[in-house]
Amino acid sequence: MLEHILEQVQNGTLSVADAKEKLATFEDLGFAKVDHHRSKRQGFPEIVYGEGKTADHIISIAQSLQARNQSVLVTRISKEKAAAVQKACPDYLYDETARILFWKKEAGDAEAPQGYIAVIAAGTSDLSVAEEAAVTAEVLGCPVRRIYDVGVAGIHRLLSHAEDIQNATVSVVVAGMEGALPSVVGGLVSHPVIAVPTSIGYGASFNGLSALLTMLNSCASGISVVNIDNGFGGGYNAALIHQLVHKGGNRHENTIP
């Protein structure tokens, strides 16, 4: 990419000012430095964490990303704050369950995606975290199959979806209470399992700590664990694995300048 830009400057098809803009690794907005080279380094653009930011901050960051034709994903954003952002960015979509606001750039002539990620939730109370994982993976370009309310209290519900789960590239398993579901799934599949503990449960669950410790101590192989209620982390890691499998390990459209 660097050589191509320099050649354009040399032959006069690109101004020095435009070349500097293309080569800039981030844009300084004063209150935030937007990382425009994140997608070149990691395959996905910078994600915006919505909690603690004002609607005006989110609008400025989102518009900066969109101006570079990068998809926009804002996590943990309230319905009220999302509505304020949508007034300035009416083409953005909001998923209230996942608490995610997003805009996806046009896919162009990209090949139809192959395979899918299974997002599995133990109970209906876990849906907010599960949907955060599912929507994150979808915005990052990965097909998702949702398999919900299949916790260990009724293991036959999970087993009725065994084929769909086993055929996935990777599974994101979301559970609160005692957090046993990832261990069960881990014993059924030959692909990576990303366990997401939730804060759902009664007093001795300690706001998700019990589920977290169960998942960390799982005897099933191939399980990785993210933080409590971190559906985004589960979905993002699953998307990385899925893209590596189905794009031959090369997710990057451009090399790093």
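**Figure 1. Accessible surface and overall make-up of the chain.** The accessible surface of the chain comes to about 12900 Å², and carbon and sulfur atoms hold 52% of that area. Accessible areas come from the Shrake-Rupley method with a 1.4 Å probe, and for residues only the protein chains shown count as cover. The model is predicted: local features need pLDDT of at least 70, side-chain atom pairs count only at pLDDT 80 or more, and totals for chains, interfaces and linings use all residues. Residues are numbered from 1 along each chain as its sequence is written, and side-chain values use heavy atoms, with hydrogens and water left out. The secondary structure consists of 11 helices and 11 strands; helices (H or I, at least four residues) and strands (E, at least two) are DSSP runs, numbered from the N terminus. Of the 257 residues, 44% count as buried. Here buried means under 20% relative accessible area, exposed over 50%, and partly exposed in between (1.4 Å probe, protein chains only). Among contacts (heavy atoms within 4.5 Å) with a separation of 6 or more, 65% are between residues 24 or more positions apart.

Figure 2. Strand β9 covers residues 170-175, and six of its six residues are buried, so the strand is largely enclosed by the rest of the structure. Val 170, Val 172 and Val 174 point one way from β9, while Ser 171, Val 173 and Ala 175 point the other way. Strands of a sheet pair through backbone hydrogen bonds, either parallel or antiparallel. Two strands are taken as paired if DSSP finds at least two bridges between them. Strand β7 (residues 117-121) pairs with β9 in the parallel sense over five bridges, and Val 119 has Val 172 as its bridge partner in β9. Strand β10 (residues 193-197) also runs parallel to β9 and is joined to it by five bridges. Within that pairing, Val 173 stands opposite Ala 195 of β10. From β9 the chain crosses through helix α9 (residues 181-186) to β10, in a right-handed β-α-β crossover. Right-handed means that, with the strands pointing away from the viewer, the path from the first strand over the helix to the second runs clockwise.

Figure 3. Gly 186 lies in helix α9. Is this residue, Gly 186, buried or exposed? At 10% relative accessibility, Gly 186 counts as buried. Leaving aside neighbours within four places in sequence, Gly 186 is in contact with Val 193, Ala 220, Ser 221 and Ile 223. Ala 220 is 34 residues from Gly 186 in sequence, and their C-alpha atoms are 5.4 Å apart in space.

**Figure 4. An open sheet of four strands.** The strand order in this sheet is β3-β4-β6-β5, and the pairing is mixed. Strands β3 (48-49) and β5 (93-95) stand at the edges with a single partner strand each, so one side of each is left without a neighbour in the sheet. β3 pairs with strand β4 (residues 72-75) in the parallel sense over two bridges. In this pairing, Tyr 49 has Thr 75 of β4 as its bridge partner.

Figure 5. Side chains of opposite charge can pair when their charged atoms come close. A salt bridge is a side-chain nitrogen of Lys or Arg within 4 Å of a carboxyl oxygen of Asp or Glu, and a search of the whole structure finds seven. Arg 146 forms one with Glu 131, with 2.6 Å between the closest N and O atoms. This pair links distant parts of the chain: Arg 146 is in strand β8 (residues 144-147) and Glu 131 in helix α6 (residues 127-139), 15 residues apart. Arg 146 is partly exposed at 34% relative accessible area, whereas Glu 131 is buried at 11%. Arg 146 also meets Glu 138 in a salt bridge (2.9 Å, N to O), and Glu 138 is partly exposed at 27%. Another salt bridge joins Asp 149 and Arg 157 (3.3 Å, N to O). Asp 149 is partly exposed at 35%, as is Arg 157 at 29%. Through salt bridges that share partners, Glu 131, Glu 138 and Arg 146 form one network.

Figure 6. Helix α11 has 16 residues (231-246). The expected span of a helix is 1.5 Å times one less than its number of residues. For α11 this gives 22 Å, and the end C-alpha atoms are 22 Å apart, which agrees. The buried residues of α11 include Gly 231, Gly 233, Gly 234 and Gly 235. Tyr 236, Ala 238, Ala 239, His 242 and Gln 243 of the helix are buried too.
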